[in-house]
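Subject: Structure for you to look at

Hello,

Here is the structure I promised to pass on. Please open it alongside this note. My findings follow below.

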Amino acid sequence: MNTDSTTAALAADAQLIQAIRAGDERALSQLYRLHWPMVSHFVLQNSGSEDDARDVYQEGVMVFYEKVREGSLELSCQIKTYLYAVCRRLWLKRLTTKSRLHGVRLLDEEEYGPYLNTGAEEDLQEAEERDRRFATMSEALTHLGEPCRSLLEGFYLLEKSMLDLTAEHGYTNADTAKTQKYKCLTRLKKLFFASYKEA
């Protein structure tokens, strides 16, 4: 790729990122269509099916999308290269899990090896860690029981006021509800960290 086409690709990538950051659904659809053939070809070439490719690509696009939306994407390459690196890593992980082999060699290493140091590895690990924390928190909330679960969900997820929660749960006043919320939060933290350490 020559310098002019690289510059044009980076400018197009910057516009796409800006549009995704602004919540433009068409930009996400465009991103999805643009790089799907590359990832599909890669997965099919490396013992995968069309469904495998679709799963890996959707997961890779979500990692990219979340990084863009939260403003933490530090892109040192083209979007195409970043997505390829993320999806490649995801597929390698699935192959390793499927075959229980370590050191699986993919058919693209000689061609793309120098381009795979994109920061995608760290972003993927972050996303996996965040998913693990969410799953652990969800499980801890399930074990918390009532009224704590509905009190914390009401306040933190549904953004209800303490006055609304006081009325819903039958507390005498908002201070009593706040005290109960604090106790529930303390219990949730204990459950979360006990489960998180085990995982």
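**A nonpolar surface patch**

Tyr156, Leu157 and Leu158 make up a nonpolar patch on the surface, with about 340 Å² of accessible area together. Patch members have over 30% relative accessible area and no salt bridge; like charges are joined within 9 Å, nonpolar side chains (Val, Leu, Ile, Met, Phe, Trp, Tyr) within 5 Å. A salt bridge here is a side-chain nitrogen of Lys or Arg within 4 Å of a carboxyl oxygen of Asp or Glu. Areas come from the Shrake-Rupley method with a 1.4 Å probe; for residues, only the protein chains shown count as cover.

Tyrosine 156 sits in helix H7 (residues 148-157). Tyrosine 156 counts as partly exposed because its relative accessibility is 42%; buried is under 20%, exposed over 50%, partly exposed in between (1.4 Å probe, protein chains only).

**Ground rules**

This is a predicted model: local features need pLDDT of at least 70, side-chain atom pairs count only at pLDDT 80 or more, and totals for chains, interfaces and linings use all residues. Residues are numbered from 1 along each chain as its sequence is written, and side-chain values use heavy atoms, with hydrogens and water left out.

**Overall**

The chain has nine helices and zero strands. Both are DSSP runs, numbered from the N terminus: helices are H or I, at least four residues; strands are E, at least two. Of the 199 residues, 35% are buried.

**The cores**

The largest nonpolar core has 33 residues. Such a core is a set of buried Ala, Val, Leu, Ile, Met, Phe, Trp, Tyr and Cys residues joined through side-chain atoms within 4.5 Å. Ile20, Leu31, Tyr57, Phe64, Ile79, Tyr82 and Leu83 touch the most other members. Helices H1, H2, H3, H4 and H6 each give two or more residues. H4 gives the most, with nine.

What does leucine 83 contact, beyond its neighbours within four places in sequence? Leu31, His35, Tyr57, Gly60, Val61 and Phe64, where contact means heavy atoms within 4.5 Å.

A second, separate core has 13 residues, including Leu141, Leu151, Tyr171 and Leu188.

**Aromatic pairs**

There are four aromatic pairs. Rings of Phe, Tyr and Trp (its six-membered ring) pair if their centres lie within 6.5 Å; planes under 30 degrees apart are stacked, over 60 edge-to-face, the rest tilted. Tryptophan 36 and tyrosine 57 form a tilted pair, 5.7 Å centre to centre with 50° between the planes. Tryptophan 36 is in helix H2 and tyrosine 57 in helix H3, 21 residues apart. Both are buried. Ring pairs link Tyr32, Trp36 and Tyr57 into a cluster.

Best wishes
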